[in-house]
Amino acid sequence: MIEVNGLKKGFGDRVILKGIDADFHKGRTNLIIGQSGGGKTVFLKSLVGLHDIDEGEISYDGVALGSLNRKERKDLRTRMGMVFQGNALFDSLTIEENVTFALNMFSDMSESEKRDRANFCLERVNLKNVNQQYPAELSGGMQKRVAIARAISMNPQYLFCDEPNSGLDPKTAVVIDKLLSELTEEFNMTTVINTHDMNSVIEIGDNIIFIKDGFKAWQGSGEEILSTDNEDIKDFIYSSEIFRRIRNK
Amino acid sequence: MYFKRQLESLGRYMVLLGRTFRKPENLRMYYQAFMRDLDLLGYNSLAIVSVISIFVGAVVTIQTAFNLDDPFIPQYYIAIATRESIILEFSPTMVSLILAGKVGSNIASTLGSMRVSEQIDALEVMGVNPAAYLIAPKVVSMVIFNPILITISMFLGLVGGYLASVGGVMGVDDYIYGLQLDFDAYHITYALIKSFVFGFLIVSISAYFGFYVKGGAIEVGINATKAVVASSVAVIVSNYFLTQILLV
Ligand SMILES: Nc1ncnc2c1ncn2[C@@H]1O[C@H](COP(=O)(O)OP(=O)(O)OP(=O)(O)O)[C@@H](O)[C@H]1O
Ligand SMILES: [Mg+2]
């Protein structure tokens, strides 16, 4: 479980997050939604400690991130997986080397075990026969899926995904959504996903947090979000014609 | 204000060095990175260093012969002068300056593009120390290989002088004789200490400029240029102090 209390973060004079409280439970798929530029990525990076936060506290299973020494923080991170919005694949390494990177660094698996693990992870994101290619040789959506395979290679306890299905076709997007929510249940992970895909929100959102103007404007589940009276949420979701039609049915 | 910014940069450089020399997570992975860097930063510079050294060695010999063109000065003095300028200054300093351009821009732009494409963040989130994994193998490969490269450069510089003497600017026998006359092996030690220090400065300074890039492709380019300028200045300035300390 990850707890966030009064998280504030800004850059220079600009405050992006103005005090956010949130709980992310194990085995549940937690979603962060909000407008582009609303601070979702900043929130996720603060959560994993890539941004130093200005105020507030973040704790992992009761242990405050700020209280960890260097080694404890590194240990915690070997139990995290993260998918960056821009993939952040290692471009000088092959796909297989990307997926097995953390295994090479931290596990004592044999070469064949690592290869099997890489193939397993790649298959789960519907990728085959790309092991020896380089990231630049794959399409954007394929790169995104490699990034997901890399994030789950170590069987993380905490999984963070920044827009995991942006740039994917609707069918693959659903496959990825299903995969992330299945893995979350199967391995009892704490999963936090940034998204603005309303389909994911309704399909896999166990716990949804809506960030607006730096504050948490709403929190609830994928079912609740369709029936809520919250004006901000309505304004956000029903800006698309399809969802307006669904509501009017 | 300007002075304060420079001090801050120096502080950040020191912090980065501190983060670079920490215990590796996995020796095998670091060793592989070291071998890759040895290839990229070391072997890959061999050709350019060789060509430059031979030609400069020849030119130095011709110029010295031209300036010492006096019947009262024995010709083997030309060889002594050539030898000393190559060993003391040309090979360690000039070759390091050339490498500051070649290796420095390579390191700064590689690390810079890893920074802006969040690959460095990705390493960090995995629990890897990106400074150590990305920079330490480069530093080690360069401080090992730079002295080797400089030794090769000295040798080839003297070969260049020999070729010039064969070409007729002075007697070949005088050249060979002069090379051996009054030879002080400490000058080689001095040159190798310099190359070691220069290698360290070039890699660590360029890595600093690459590692902390903010922005995009343009900033990567800007910082690669800054890396070359800063590491060249560092080589020149430290050359003065090392010479004061080691030779005087
Ligand atoms: N490193 C940074 N330095 C300065 N400002 C930043 C930095 N990172 C983000 N910001 C600012 O913070 C705000 C929130 O950005 P963020 O990337 O979190 O948005 P987002 O919700 O993820 O948007 P999107 O859905 O488009 O990915 C933006 O206005 C951005 O300009
Ligand atoms: Mg974002």
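In what order do the six strands of the open sheet in chain A lie? Please start there, then go on to the ligands.

Analyst: A note before the details: this is a predicted model.

The strand order in chain A is E6-E7-E8-E3-E9-E10. The sheet is open, and its pairing is mixed. Strands E6 and E10 (215-220) of chain A stand at the edges. Each has a single partner strand, so one side of each is left without a neighbour in the sheet. From one strand to the next, the twist averages 15°.

Now take one pair inside this order. Strand E7 of chain A covers residues 158-162, and strand E8 of chain A covers residues 190-194. The two run parallel and are joined by five bridges. One bridge can be named: A:Asp162 has A:Asn194 in E8(A) as its partner.

Next comes the magnesium ion, ligand 2. Its protein donors are A:Thr41, through OG1, and A:Gln85, through OE1. They lie 1.9 to 2.2 Å from the ion. This pair links distant parts of the chain, 44 residues apart. A:Thr41 belongs to helix H1 (residues 40-48) of chain A. A:Gln85 sits in the loop between strand E6 (80-83) and helix H3 (95-106) of chain A.

A:Thr41 is among the residues that come nearest to ligand 1, together with A:Arg14, A:Ser36, A:Gly37 and A:Lys40. A:Gln85 places a polar side-chain atom 2.7 Å from an oxygen atom of ligand 1. A:Val42 uses its backbone instead: a polar atom there is 2.9 Å from a ligand oxygen. For A:Glu163, an N or O atom in the side chain is 3.3 Å from an oxygen atom of ligand 1.

How much of ligand 1 is covered? Taken alone, ligand 1 exposes 640 Å², and the protein buries 65% of that. Two elements of chain A give two or more residues to its shell: strand E2 (14-24) and H1. H1(A) supplies the largest share, three residues.

Key:
Residues numbered from 1 in each chain as written. Chains lettered and ligands numbered in written order. Predicted model: local features only at pLDDT ≥ 70, side-chain atom pairs only at ≥ 80, totals over all residues. Heavy atoms only, no water. Donors = N, O, S within 2.8 Å, 3.2 Å for Na, K, Ca; no water. Helix = DSSP H or I, 4+ residues; strand = E, 2+ residues; numbered from the N terminus. Pairing = 2+ DSSP bridges. Axes fitted to C-alpha atoms, helices over the stretch in contact; angles between N-to-C directions. Near = heavy atom within 4 Å. Polar contact = N/O pair within 3.5 Å; in protein donor to acceptor, adjacent residues only side chain to side chain. Areas by Shrake-Rupley, 256 points an atom, 1.4 Å probe, with all protein chains shown as cover.
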